[in-house]
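Let's take a walk through this structure together. Have the sequence and the 3D view open as you read.

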Amino acid sequence: MALRPQVCITSPEPLVSLALSRESARVALGQSTGGLQLLSYQAALRERQSAPALLSSFSVHSAPVRAVVFAKEESLCSGAADGEVCLWDVATDTEVWRTTGHSAALSRLSTRAVEDHLTPGQRNFLVSGDDDGVLKMWDLRTRECVKELKHHTDYISGLTFGSGDNSNVMLATSGDGTLSAVDLRKKGKVQMHAAHLVAADSGASASLVRKLTGIV
């Protein structure tokens, strides 16, 4: 029996990126023309409708929006092919911050809340990766770049974080065939691994990820 999607999302422009907020049942879609769409699929699922509700649609960048990610429930980060990084307040559809943070096209974005040992609470960070393999870490409170890494020699193909005691460890994969692990709280040496060598043995791959991040 063929499976049918519960919710079908259509866009007048080609879609090149998406981000999902599970808590608020919203999805953000990045378009090839530089636009963003914010939709809610909660009512569509509950009422078994095929189309989600369009919350907002606005022009963001002058180049394709290649990466989007929710920083918090009411904050959305976007990255474009022209190297721009933006932070948006999705409750009011207003721009909070914009910077040309990269000289190459953005390829990946990810966010992480890190415990701040100097002040109470957590600090929210955005990590951006580009087609030259450059990684940048942004403090979303001060809007400043606090770390820049250039250990990859090709585009950043993936970004994720560990869990539990290793939740501050960032994993990045690159078109150069390597996997890197960085503890965002430390200034220590970046751990580099040849991803194609690890991938040859699925057991070794799982063991490596356990060792670095504790995700599996």
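**Rings, core and pocket**

Two aromatic pairs turn up here, counting rings of Phe, Tyr and Trp (its six-membered ring) whose centres lie within 6.5 Å. In one of them, the rings of Phe58 and Trp88 have centres 5.4 Å apart and planes at 50°, so this pair is tilted (under 30 degrees would be stacked, over 60 edge-to-face). Phe58 sits in strand β4 (residues 53-59) and Trp88 in strand β7, so the pair ties together parts 30 residues apart in sequence. Trp88 is buried at 5% relative accessibility, where buried means under 20% relative accessible area with a 1.4 Å probe, protein chains only.

This is a predicted model, in which local features need pLDDT of at least 70, side-chain atom pairs count only at pLDDT 80 or more, and totals for chains, interfaces and linings use all residues. Residues are numbered from 1 along each chain as its sequence is written, and side-chain values use heavy atoms, leaving out hydrogens and water.

Now look at the lining of the largest pocket. β5 gives the most to that lining, with four residues.

Notes
Helices (H or I, at least four residues) and strands (E, at least two) are DSSP runs, numbered from the N terminus. Buried means under 20% relative accessible area, exposed over 50%, partly exposed in between (1.4 Å probe, protein chains only).
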